[in-house]
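Trainee: I would like to learn how to read a structure that is new to me. Please take me through its features one at a time.

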Amino acid sequence: MERSDYLPADKLQDLNAQIDPKVKLAKEAEEILQDVADDFVENVAAFACELVRHREGSVLEAKDVQLALEKNWDMRLPGVGDSTAELKAIRKPPQAALEIHRQRMQQVRKTQTRG
């Protein structure tokens with residue numbers, strides 16, 4: 001059974017080989033990277049879906065994903081949502097709130113893997 005839905009081990013190994021073929025990933029490091037990737041994708045998608053509901057839409061659009069990335073991670077992807085005037089500079093959330101959320105997600109993951 002694959003550990004990650006979004007970053008399978010073979011893709012992670014391919015990425016690692018592209019970056020530095022001499023460096024090997026320890027199994028624990030691989031699992032951590034997979035957990036981080038899964039958490040990231042799930043959090044972005046969940047928040048983007050909240051934005052869709054907020055604007056009373058029924059389709060998740062690139063602008064929703066872009067706004068979720070910008071608001072929660074101060075991340076702007078070139079070419080994504082650039083043509084929409086609706087995206088505007090927004091305030092970055094306090095780092096303490098993000099850290100609390102990350103810790104909470106780690107605890108949830110730990111309890112899911114034990115059960």
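Trainee: Is Asn16 buried or exposed?

Mentor: The terms rest on relative accessible area: buried means under 20%, exposed over 50%, and partly exposed in between, with a 1.4 Å probe and protein chains only. Asn16 has a relative accessible area of 13%, so Asn16 is buried. This is a predicted model, in which local features need pLDDT of at least 70 and side-chain atom pairs count only at pLDDT 80 or more, while totals for chains, interfaces and linings use all residues. Residues are numbered from 1 along each chain as its sequence is written, and side-chain values use heavy atoms, with hydrogens and water left out.

Trainee: Where is Asn16 placed, and what is Asn16 in contact with?

Mentor: Helices are DSSP runs (H or I, at least four residues), as are strands (E, at least two), and they are numbered from the N terminus. Asn16 sits in helix 1, residues 9-19. Contact means heavy atoms within 4.5 Å. With neighbours within four places in sequence left aside, Asn16 is in contact with Pro21, Val23, Lys24 and Leu25. Between the C-alpha atoms of Asn16 and Glu30 there are 10.0 Å, and the two residues are 14 apart along the chain.

Trainee: Which contacts does Leu33 make?

Mentor: Leu33 belongs to helix 2. Apart from neighbours within four places in sequence, Leu33 is in contact with Leu7, Leu12 and Leu25. Leu33 and Leu12 are 21 residues apart in sequence, and their C-alpha atoms are 8.5 Å apart in space. Leu33 counts as partly exposed because its relative accessibility is 39%. Glu31 is also found in helix 2, and with a relative accessible area of 25%, Glu31 is partly exposed. From Glu31 to Leu7 the C-alpha distance is 9.9 Å, across 24 residues of sequence.

Trainee: How many helices and strands does the protein chain have?

Mentor: There are four helices and zero strands, in the pattern α-α-α-α along the sequence. Of the 115 residues in the protein chain, 23% are buried. Among contacts with a separation of 6 or more, 40% are between residues 24 or more positions apart.

Trainee: How should I read the packing of two helices?

Mentor: Two packed helices are described by the angle between their axes and the distance between the axes. Axes are lines fitted to C-alpha atoms, for helices over the stretch in contact, and angles run from 0 to 180 degrees between N-to-C directions. Helix 2 (residues 27-54) and helix 3 (residues 62-73) pack at about 115°, with axes 8 Å apart. Their crossing is right-handed; a crossing has that name if the near helix is turned clockwise from the far one by less than a right angle, and is left-handed if anticlockwise.

Trainee: Which residues meet where helix 2 packs on helix 3?

Mentor: Helix 2 brings residues including Phe40, Val44 and Phe47, and helix 3 brings residues including Val65, Leu69 and Trp73. By class, this contact has 11 nonpolar, two polar and two charged residues. Ala, Val, Leu, Ile, Met, Phe, Trp, Tyr, Cys and Pro count as nonpolar, Asp, Glu, Lys and Arg as charged, and the others, Gly among them, as polar.

Trainee: At what angle do helix 2 and helix 4 pack?

Mentor: The angle is about 115°, and the axes are 12 Å apart. This crossing is right-handed. Asp35, Asp38, Asp39, Glu42 and Asn43 in helix 2 meet His101, Met105 and Arg109 in helix 4. The contact has one nonpolar, two polar and five charged residues.

Trainee: What does a positive phi tell me?

Mentor: Most residues other than glycine have a negative phi, and most peptide bonds are trans. Glu56 has a positive phi, near 60°. Glu56 lies in the loop between helix 2 and helix 3, and counts as exposed because its relative accessibility is 73%. Asp74 also has a positive phi, near 50°, and lies in the loop between helix 3 and helix 4.
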